[in-house]
Amino acid sequence: MITDQIRTTFPELDAIDDETLRDGVIEAWRTAMADHGVDDLAAVPWLPPTQRDLELPDETLVDHVRDVTACSVGLAETLTERRPDTLAIDMDTVLAGALVHDVSKLAEFDGMAETDVYRLLGHPYYGVHAIARAGLPVELAHIVLSHTDRTAVEPATIEATIVRRADEAAAAAVRWRATDDLRTV
């Protein structure tokens with residue numbers, strides 16, 4: 001069953017306290033998988049154009065999403081610990097946002113091939129659609145739109161900023177495999 005696969009693939013879901021939010025994240029992935037004929041999340045590549053350019057065929061979307069989630073949680077926990085009186089971070093929003101930030105890639109790629117969604121809409125517009133269909137809050141759509149410089153939407157919340165920076169660090173970790181100077185890739 002798809003829901004069981006999603007829960008197994010992303011054990012971080014269990015850390016989301018709000019059951020409705022957790023179920024919405026699962027629904028966003030389930031819908032995207034069903035809409036695009038994905039039956040094995042573990043087989044979905046991370047970012048095919050970059051993987052081809054850097055000769056990194058084994059990078060997966062699941063590993064990336066889990067890296068971003070772990071980095072997001074670590075950053076949020078550190079900031080909360082260091083600024084307990086001045087900063088309120090919604091950990092459920094951070095977790096859910098990190099977990100769905102790249103759900104759009106199921107529409108953008110078919111295996112290693114780019115789809116019209118990637119070519120004509122780009123990253124991450126389908127993700128906003130998946131978020132809305134799953135009944136998730138607008139704050140998560142904002143995280144999806146603002147996590148990348150491929151849109152003009154800048155992060156407006158601390159949770160969106162955390163996910164964006166975590167995504168940048170996780171992507172740099174992948175690129176680091178292909179270079180000893182990240183300015184070159």
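The questions and answers below go through some features of this structure and the definitions behind the words used for them.

The model is predicted, so that local features need pLDDT of at least 70 and side-chain atom pairs count only at pLDDT 80 or more, while totals for chains, interfaces and linings use all residues. Residues are numbered from 1 along each chain as its sequence is written, and side-chain values use heavy atoms, with hydrogens and water left out.

Q: Why is helix α9 described as largely enclosed by the rest of the structure?
A: A residue is called buried when its relative accessible area is under 20%, exposed when it is over 50%, and partly exposed in between, with a 1.4 Å probe and protein chains only. Helix α9 covers residues 138–146, and seven of its nine residues are buried, so the helix counts as largely enclosed. Helices here are DSSP runs of H or I with at least four residues, and strands are runs of E with at least two, numbered from the N terminus.

Q: Which residues of α9 are buried, and what do they pack against?
A: The buried residues are L140, A141, H142, I143, V144, L145 and S146. They pack against α2 (19–35), α5 (91–100), α8 (125–133) and α10, where contact means heavy atoms within 4.5 Å.

Q: What makes E139 partly exposed?
A: E139 is found in helix α9, and its relative accessibility is 44%, so it counts as partly exposed. E139 and T93 are 46 residues apart in sequence, and their C-alpha atoms are 7.7 Å apart in space.

Q: Why are α2 and α5 called roughly parallel?
A: Two packed helices are described by the angle between their axes and the distance between the axes. An axis is a line fitted to C-alpha atoms, for helices over the stretch in contact, and angles run from 0 to 180 degrees between N-to-C directions. Angles under 35 degrees count as roughly parallel, over 145 as roughly antiparallel, 65 to 115 as roughly perpendicular and the rest as oblique. The axes of α2 and α5 come within 10 Å and cross at roughly 5°, and the two helices are therefore roughly parallel to each other.

Q: Which residues meet where α2 contacts α5, and what are their classes?
A: On the α2 side L21, V25, A28 and W29 take part, and they meet D92, T93, A96, L99 and V100 in α5. By class, this contact has seven nonpolar, one polar and one charged residues. Ala, Val, Leu, Ile, Met, Phe, Trp, Tyr, Cys and Pro count as nonpolar, Asp, Glu, Lys and Arg as charged, and the others, Gly among them, as polar.

Q: What makes a space a pocket, and how is its volume defined?
A: On a 1 Å grid over the protein atoms alone, a cavity is a set of points where a 1.4 Å probe fits but cannot get out, whereas a pocket is an open set with protein on both sides within 12 Å along at least five of seven lines, and lining residues have an atom within 4 Å of a point. Grid points are joined across faces, edges and corners, and a volume is the space filled by probe spheres set on the points. The largest pocket holds about 360 Å³ of space.

Q: What lines the largest pocket?
A: The lining has 18 residues, of which L47, T148, D149, D167 and R175 lie nearest the centre of the pocket. Helix α10 (158–176) and helix α3 (48–54) each supply at least two residues of this lining, and the largest share, five residues, comes from α10. By class, the lining has five nonpolar, five polar and eight charged residues.

Q: How do you know that E55 is exposed, and where is it found?
A: E55 has a relative accessible area of 68%, so it is exposed, and it is found in the loop between α3 and α4 (61–82). Most residues other than glycine have a negative phi, and most peptide bonds are trans. E55 has a positive phi of about 55° although it is not a glycine.

Q: Which peptide bond is cis, and where does P124 lie?
A: The bond from H123 to P124 is cis, with omega near 10°, and P124 is found in the loop between α7 (116–121) and α8.
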